Amino acid sequence: MNIICHKSAFSCFMALLLFSFHPAGYGAEAQKKKASVHASITVTVKEGQSIRGISEEYLSDPNLWEDILHANHMTRADQVRAGMALHIPVEAITLSNQALENARQLIRQATEAGAKIFAPRAIASAIGIRDRAIENRQAGKWSDAIDRATAAAEEARKALNISRTYQDVPAEARVAHYRGQVHRKRPSDNLWKDISRDEILMEGEKVRTLSQSYAEILFRDDSRLQLRENAQALIRKMRANLLKDSGEAKVSLISGDVLALIAGKEAFHLEVEGVEMKINSRRFRAGRDEEKDVAWFAVDDGEVEIRAKGKKVVLKKNQGSIVARNQKPSDPRDLLPPPRLTAPPDGEDRFDLTAPLAWEPVKGAGDYLLEISDNAAFSGVLWSEKVPENKGNFPGHLGPGAYYWRVTAVDPDKLPGRVSKGRFIRIIADNEPPFLVIHSPKPQAILSENRVEIAGVTEADATLTIICGEGQGARGVLRQAQEPGLRQAQEPGLRQAQEPGASGGSPLAVRPSPIAHCRDDGTYRFRCSLSEGENRLVVQAKDRAGNVRQLERTVIFLPAGKIDLSFAPLMRRIGDHLFLVRHHHFTLAGKTYPKGCITVASVPLDSTFENGGDGRATSDERPVVGDQRVTENGGERRAASGERPMVGGERPAVGGQRVTASDERPAVGGDRRPLAAHPLPLTADRSPLARRFSARTMADAQGRFQMNLQAEGEKDTFIIEVITRAGEVRKSHFTIELDNQPPVIRFDKDIPSAITEKRLTIEGRLEGGVRLNLNGEDIPLKKTEHPKISRFKFQTTNFKPQVSSPLRFTAYDQAGNVTWLEKEVLFDPDPPQFVRYDISPRKAKGGEKTKVTVQAKDVAGLAKIAPFTAQVGEYVHKGMMTRSGQGAYIGLFQVPKHIRGRVRLKQVTLSDYLGNKREMRIER
């Protein structure tokens, strides 16, 4: 309907227009809208009248002049001239602009509410529809513009509702750290359940810690709440505005002690029954006893306002207050000062798992809270304990590692003071003895001087103890100095020293100690005096962990020029002049006169001879072996045939074999040393004894000699004759007994190949042996009535879970025969591991044969059968599964014909050969 009128008639037109859009005018909204869109007026442009003026006069908005141009199919304002008739669809322009403006406002509100994040599709659809509505309006399609603007508004309203939903959502917290027994309880739970790290906590959940336990809850803004042992808290509220990245957390402290570390990004509230709190602090502590009679508050930073029973108290930094049940809070009091830690020093390495910790006492402290953490920020407290004194011990159960420790003084009202600075400590588990080497003297060295230098090398930071004395006699002790570089230490005068391991505590007399030189690289030198005969030298190194390694040397001091004959203990001496050897070929070493000639001959066991005795050479002839004659040429001893002599490790001459003298002396202790040339003493007679000699050698300038001999039977006796350079003859004898049978190790019970407990007791006996060790550690032996049988019993715990550990037994007898025996033992305390299962078919229609397959694994081996329970509908089948190899169990059963439904595995019991069991309950 078109209405043509002038300005004077515009008021009557508007009245008619309003009437037409009133619900009483038309029954249907569509008809009213359609009628309004088609209603229009025609005006004549007056002289001097602009298009903006016309828009303001007829549309009440000068900015709608473009719509008038669009309605008259014009594009520029200068096309409008006086006298021109303009068609103005007043209501259509008004309604379309209202609809477009409404859509624009809703799109703006939705965008500000985060629609591009939370409802991107809806807001994009609203913007697109509105753009097309604008295009329709510019084309004069007012009805389409209104429809699309209305649709754009609906999409924008949908995006707004979605965005508002996400502006206030439940937030989450997670368990950042925990140790010991920590539990959670949801509102729907009847029982407490174990908690795990990184587990998500929601509104309404309770968290508690038991004795020697700890938990740290991390909120979305990195704020943290640390629950100490025997604490319980309720997460009452956790909300988040995802658009503004803000939130609010509210926690109620039920009992115990907590530490709050506030990041400051979101609102955090800690509630304590009967106390109102206003928090403006980044770090504060609070606590409540189990009886809920007393609560305390301590502020480490900022300030916290507490109010109870009408009294308000503002706690500033390093202040605290006590609030008893139904009582007003105490006035602010200064917290006790932080204890000053004294021992051990910061950063020290300790080798004892229960290292002592100490700090200076704090005046007014009732007790102290000792805390151990694995980080300097103490974000995860591994262990805490209240101690009554200013000292404690590192908890050994934490084991070796790098730790930090700190202490807090607590006053008699249970209000904790300021926390001390943390100190670093490294606990080291060192069970290895220190490195130790003795370079000199050589084992079984025979010395002609009464002083010996002990030299070698050990760990640079080890404490060195050197003990020297005669046989089982006196010992001197010298420790390394601690100064860097070359160091000297001297122990003058007569001292008293306690022999290590001696019972009764009787002191031993010690001669004045000589000077020892110790260097930073661990090298050492020590000179000590010797007594005539055997001298036992002991070098003991002790590292910082207390591990000890000890080496021994036995040297023999035979004064030069003294007429004597002694044997070096290269052979096992079991009696006077009686030795044990392992082979028919053996080495004889000892010391006698310097430059002496030693000859050895074997004799029948029943031969008689005279011990000792001497003689003197009466001619220029040298001793002979068999028919051989050795002459002297130019003052040097040379063999007539030019053959080289037998020395050290060469085979001895036997029977008619040629033996010559040379300029080399025999090797002693495995060394080959040159022998000084000198004329041999000569004998005039060629006695049958001399012709029976099986070997001959020369002693060096110190009287040391060594020669290889051969025994014929199981027990042989030898005569040894020594001729000095002056022609004196000294005779002796010794007996060799052959023992080449290794000792026998017998166990009372077979050692199992696998065990479930870490401790293993082994009993048995050692036949023919004198020493038994396991993996390098000696096993104590107990003598029995039989002289060659010893019993042993010990326990070993050197096992790691699911690792096969070798037990290497080594037995020794007096002759040096060795027996090796090795056993492998698997320590498996764990039950079999369930891997997966399968059922075929999974749905039963009645009467099917069903197969259940369970895959499992175990290091000790799975048992052959496994009980299982399956269910089809209300039908329950219990049976046995059989292991088929590859860790798979297979069970078959027949479903009754009238049973239908899904086949489910409800339970299976897995066992290994050691008896470890695991019962798996599978709920589906």
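Visitor: Why is Cys-528 called buried?
Guide: Cys-528 has a relative accessible area of 1%. Buried means under 20%, exposed over 50%, and partly exposed in between, with a 1.4 Å probe and protein chains only. So Cys-528 counts as buried. Cys-597 is buried too, because its relative accessible area is 1%. Keep in mind that this is a predicted model, where local features need pLDDT of at least 70, side-chain atom pairs count only at pLDDT 80 or more, and totals for chains, interfaces and linings use all residues. Residues are numbered from 1 along each chain as its sequence is written, and side-chain values use heavy atoms, with hydrogens and water left out.

Visitor: How many disulfides are there by the rule?
Guide: The count is zero. The rule asks for a pair of cysteine sulfur atoms within 2.5 Å.

Visitor: What makes Glu-155 buried or exposed?
Guide: Glu-155 is at 18% relative accessibility, so it counts as buried.

Visitor: Where does Glu-155 sit, and which residues does it touch?
Guide: Glu-155 is in helix H8, residues 142–166. Helices are DSSP runs of H or I with at least four residues, strands are runs of E with at least two, and both are numbered from the N terminus. Leaving aside residues up to four places away in sequence, Glu-155 touches Ala-122, Ser-125, Ala-126 and Ile-129; contact means heavy atoms within 4.5 Å.

Visitor: And what about the whole protein?
Guide: It has nine helices and 66 strands. Of its 924 residues, 45% are buried.
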